[in-house]
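Have the viewer open while you read.

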Amino acid sequence: MNIQDNVKDYYGKVLKGSDDLQTDACCTIADMPAHLKALLANIHPDVTARYYGCGLIAPDALKGARILDLGSGAGQDAFALAQLAGPEGEVVGVDMTAEQLAVANAHLDWHAEKFGFANVRFIEGDIERLNELDLAPGSFDVIVSNCVINLVADKAAVFRAAFDLLKPGGEFYFSDVYADRRLDAAIRNDPAAQGECLGGALYWNDFLNLAKQAGFIDPRLVTDRPLAISNPRLEKLAGPARFFSATYRLFRVDGLEPSCEDYGQAVVYKGGIAESETAFTLDCHHVIEKGRVFPVCGNTWRILEKSRFAPYFDFIGEGATHYGIFPGCGEAMPFTAAEADRSGSCC
């Protein structure tokens with residue numbers, strides 16, 4: 001059985017509810033902000049009972065956004081995001097598991113009545129072959145996925161398709177499982193390890209390279225945490241490998257550079273983003289307080305200026321002069337001039 005067939009079987013037939021999971025890769029909502037927990041209170045219990053994701057994946061500023069949810073399952077994230085997008089937005093969920101989609105589609109009308117508007121639809125399909133679905137290139141503001149990329153064999157195809165489906169300035173915001181090394185075949189090919197999001201976990205550096213090759217030049221880590229394996233057999237299969245759940249954001253923005261370059265630029269957050277009024281978090285290195293001049297590298301300046309976040313910022317500097325690597329980011333200058341032998345020797 002290949003990984004696709006195994007995943008369909010595992011999530012469609014083996015798992016009957018979230019309590020059947022054998023690792024904490026699919027985390028609880030214990031640390032979820034109150035405003036996001038409130039969204040889940042508006043979702044049908046039959047949907048939440050079939051939830052296997054890594055918490056709710058919900059970036060800021062989604063009002064009116066067109067959102068694609070990859071691996072939408074029974075629809076919990078899609079129905080939650082629909083409330084944030086509002087009646088002017090839309091959420092499209094894609095999943096390959098018929099049993100999960102049956103639950104999602106059975107509750108479309110219930111949620112439309114609960115929300116007061118209908119802005120969700122689901123498509124049966126393989127996220128490795130998004131180009132075969134009725135999805136127009138460059139038509140989505142935001143793409144999300146919640147612990148599903150590890151479940152597919154051709155991960156590069158997912159990143160390429162996500163890049164193509166995003167509008168310029170659009171964002172791929174997703175949580176997934178990563179390993180600290182390339183995994184042995186024993187765990188990669190184990191059906192339970194695959195279903196528990198471990199067997200298909202990418203080595204983190206391979207992920208960064210795949211994302212960049214797809215066009216997402218500057219991946220940004222938002223949050224991460226180590227994972228525990230409660231199943232002794234899976235723990236033995238894993239051996240010394242360590243696993244992490246991490247949330248990344250990737251932007252389709254032209255002109256980004258491979259490193260953080262300093263052009264003397266800065267931004268000022270004006271506020272106005274719901275639930276982030278006093279400070280906006282771009283990633284784990286950029287928590288930008290309202291009203292404060294915040295120096296940024298050229299990539300960060302361009303991401304904010306070209307994305308849906310632009311209206312919430314003032315932008316300082318045109319980037320006409322280059323000052324080298326941005327302090328504290330990227331690679332340090334490799335030359336140790338202070339220690340160089342100045343005797344005139346060529347060696």
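A helix axis here is a line fitted to C-alpha atoms over the stretch in contact, and angles run from 0 to 180 degrees between N-to-C directions. Keep in mind that this is a predicted model.

With that in hand, take helix α4 (residues 76-85) and helix α6 (residues 108-115): their axes come within 11 Å and cross at roughly 30°. Angles under 35 degrees count as roughly parallel, and α4 and α6 are therefore roughly parallel to each other. As for handedness, the crossing of α4 past α6 is right-handed. On the α4 side, F79, A82 and Q83 do the touching, and they meet L108, H111 and F115 of α6. Sorted by class, that contact has four nonpolar residues, two polar ones and no charged ones.

Next up is α5, which spans residues 98-106 and has Q100, L101, V103 and A104 buried. Look down the α5 axis and its buried residues fall within an arc of 155°, so they line one face of the helix.

Here are the helices mentioned in this report:

| Helix | Residues |
|---|---|
| α4 | 76-85 |
| α5 | 98-106 |
| α6 | 108-115 |
| α11 | 232-238 |

Ignoring neighbours within four places in sequence, A238 is in contact with I187, I229 and F243. There's also R188, 50 residues away from A238 along the chain, with 9.3 Å between the two C-alpha atoms.

How values were computed: Residues are numbered from 1 along each chain as its sequence is written. This is a predicted model: local features need pLDDT of at least 70, side-chain atom pairs count only at pLDDT 80 or more; totals for chains, interfaces and linings use all residues. Side-chain values use heavy atoms; hydrogens and water are left out. Helices (H or I, at least four residues) and strands (E, at least two) are DSSP runs, numbered from the N terminus. Contact means heavy atoms within 4.5 Å. Buried means under 20% relative accessible area, exposed over 50%, partly exposed in between (1.4 Å probe, protein chains only). The arc is that of the directions from the helix axis to the C-beta atoms. Angles under 35 degrees count as roughly parallel, over 145 as roughly antiparallel, 65 to 115 as roughly perpendicular and the rest as oblique. A crossing is left-handed if the near helix is turned anticlockwise from the far one by less than a right angle, and right-handed if clockwise. Ala, Val, Leu, Ile, Met, Phe, Trp, Tyr, Cys and Pro count as nonpolar, Asp, Glu, Lys and Arg as charged, and the others, Gly among them, as polar.
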